[in-house]
Amino acid sequence: MNRPQKRTIPGAPIFDSDAARRGYALNKMCYSFNSKANRDEFVSDEVAYCKKFGLDEAQIKAITTRDVLGLIRVGGGVYFLGKLAGGVLGLDMQDIGALQTGMTKDEFKAKLVAAGH
Amino acid sequence: MAKIVGIMTTSHVPALGRAIHLNLQQDPYWKPFFDGFPPIHEWLERVKPDIVVSCYNDHGLNFFLDKQPTFAIGTAPELISTDEGWGIPSMPSFPGAEDLAWHIRDSLIRDDFDMLTCQEMLVDHAFTLPMALMWPDQKWPVKSVPVCVNTVLFPLPSARRCFKMGEAIGRAIASFPEDAKVLVVGSGGLSHQLEGERAGFINKEFDLKFMDSMVNDPQWATQFSDLDLVEKTGNEGVELLNWLVARGTVPGPVKVVHSSFHIPISNTAAATMLLEPV
């Protein structure tokens, strides 16, 4: 199917129809982390839990390697990934920011402060 | 007759939930944000609204992608705060303003806004944090009507459409036959971006212009598409759509009771405004 070219914004991935289709299983797994029992089950065997939700190999690899940009490329929506990052892995948004930008956490925090000047 | 007595807009950074839980309001990092609220507490004590109509976005608590509404309204008798997976402590549940909620729902649908209706509803930090910021003892002296805007799955409802829905909510409130003082809340923003190589993006200049427009030129931001807003305010800066719904309920002139702006809280340009119809 020929589709119109999408507008892209550098460094700002858009969670659109394509991402929602690609990432449904991944996002559904992350949505399950609204329950502590499910978070605990994930922690006890990450890969088994991923397979239970039907994640494909690329998605499972992005999970096990904590590849945040990779998780977005395989359809992860940030509000759902936030449940994995915050609720399960105990990372805050500056940790996540640092992981995606190649900065240290302190560098990332300094960048945020600098935005106020 | 029901009457809108004010519009309160504020950021709803999840980390605020933890800061409230740990009583960090006077901590140097958090203080510049929490210091915005004593003037609002004084206003609330004086004006005593009966009902809050809260315009916010769900982040995967009440809705998942299996069913993702563009606009939804909660008519539930009880609005429940629960585990949302982000590690934010839950709060006491909120009484729903059922009569007004059903009235707004009926009125919006007759006004061509195709609302999804929720007779049971879970509310996440975007709803609960503004309430806890306004009433820190978490003993809610108001009933609430939640109005939910999709900011999860693009395309989003346009800024123009959000403002028009706000106008329709304003008309619905004005035609509600019972006496009630209504405070409209707009939750979210301002500029921030959590994901991607541009994570940490903040646009102070745009935010200040937007806050000025909330007072002096309320339809200014309706010129922007959803992707324009991503470019200018970051992926999650689009939550300013909730501010536009709230501002639309009082399309005429307003006066500023309070306004504050601080960068950063977590990854966010954190802003709070309290406006009164003139």
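Modeller: A helix here is a DSSP run of at least four residues, numbered from the N terminus. By that count, B:Thr222 sits in the loop between H7 and H8 of chain B. The model is a predicted one.

Colleague: What does B:Thr222 touch, once residues up to four places away in sequence are set aside?

Modeller: With those set aside, B:Thr222 touches B:Ala159, B:Arg160 and B:Phe163. A contact requires heavy atoms within 4.5 Å.

Colleague: What makes B:Lys139 buried or exposed?

Modeller: The relative accessible area of B:Lys139 is 63%. Exposed means over 50%, so B:Lys139 is exposed. B:Lys139 lies in the loop between helix H5 (125–134) and strand S8 (143–149) of chain B.

Colleague: How do you know how many disulfides the structure holds?

Modeller: The count over all chains is 0. A disulfide needs two cysteine sulfur atoms within 2.5 Å. For B:Cys55, the closest cysteine sulfur is in B:Cys162, at 9.4 Å, so the two are too far apart for a bond. The closest cysteine sulfur to that of B:Cys162 is likewise in B:Cys55, again at 9.4 Å.

Colleague: What is the relative accessible area of B:Cys55, and is B:Cys55 buried or exposed?

Modeller: The value for B:Cys55 is 0%, which puts B:Cys55 among the buried residues. B:Cys162 also has 0% relative accessibility and counts as buried. Both values fall under the 20% limit.

Colleague: Why is H8 of chain B called largely enclosed?

Modeller: Helix H8 (residues 226–233) of chain B has 8 residues, and 6 of them are buried, so the rest of the structure largely encloses it. The buried ones are B:Asp226, B:Leu227, B:Asp228, B:Leu229, B:Val230 and B:Thr233.

Colleague: What covers the buried residues of H8(B)?

Modeller: The cover includes helix H7 (204–216) and helix H9 (240–248) of chain B. After H8(B) comes B:Gly234, with a positive phi near 90°.

Colleague: Which residues of the largest nonpolar core touch the most other members?

Modeller: Those residues are B:Ile104, B:Val145, B:Met165 and B:Phe210, in a core of 59 residues. The element that gives the most to this core is helix H6 (residues 159–174) of chain B, with 8 residues. Leaving out residues up to four places away in sequence, B:Met165 touches B:Phe71, B:Leu108, B:Phe113, B:Met115, B:Val147, B:Val149 and B:Val245. A second, separate core has 41 residues, including B:Ala126, B:Val142, B:Leu183 and B:Val185.

Colleague: How many cavities of 30 Å³ or more are found in the whole structure?

Modeller: The search finds 3. The largest cavity holds about 160 Å³ of space. It is lined by 18 residues, and the closest to its centre are A:Val68, A:Leu71, A:Leu81, A:Ala85 and A:Ile96.

Colleague: Which elements give two or more residues to the lining of the largest cavity?

Modeller: They are helix H6 (68–73), helix H7 (78–88) and helix H8 (93–101) of chain A. H7(A) supplies the largest share of that lining, 5 residues. By class, the lining has 13 nonpolar, 2 polar and 3 charged residues.

Colleague: What lines the second largest cavity?

Modeller: From chain A come A:Phe15, A:Gly77, A:Val78, A:Tyr79 and A:Phe80. From chain B come B:Thr151, B:Val152, B:Phe154, B:Glu195, B:Asn235 and B:Glu236. The second largest cavity has a volume of about 90 Å³. Its lining has 6 nonpolar, 3 polar and 2 charged residues.

Note on methods. Residues are numbered from 1 along each chain as its sequence is written. Chains are lettered from A and ligands numbered from 1 in the order in which they are written. This is a predicted model: local features need pLDDT of at least 70, side-chain atom pairs count only at pLDDT 80 or more; totals for chains, interfaces and linings use all residues. Side-chain values use heavy atoms; hydrogens and water are left out. Buried means under 20% relative accessible area, exposed over 50%, partly exposed in between (1.4 Å probe, protein chains only). A nonpolar core is a set of buried Ala, Val, Leu, Ile, Met, Phe, Trp, Tyr and Cys residues joined through side-chain atoms within 4.5 Å. On a 1 Å grid over the protein atoms alone, a cavity is a set of points where a 1.4 Å probe fits but cannot get out, and a pocket is an open set with protein on both sides within 12 Å along at least five of seven lines; lining residues have an atom within 4 Å of a point. Grid points are joined across faces, edges and corners, and a volume is the space filled by probe spheres set on the points. Ala, Val, Leu, Ile, Met, Phe, Trp, Tyr, Cys and Pro count as nonpolar, Asp, Glu, Lys and Arg as charged, and the others, Gly among them, as polar.
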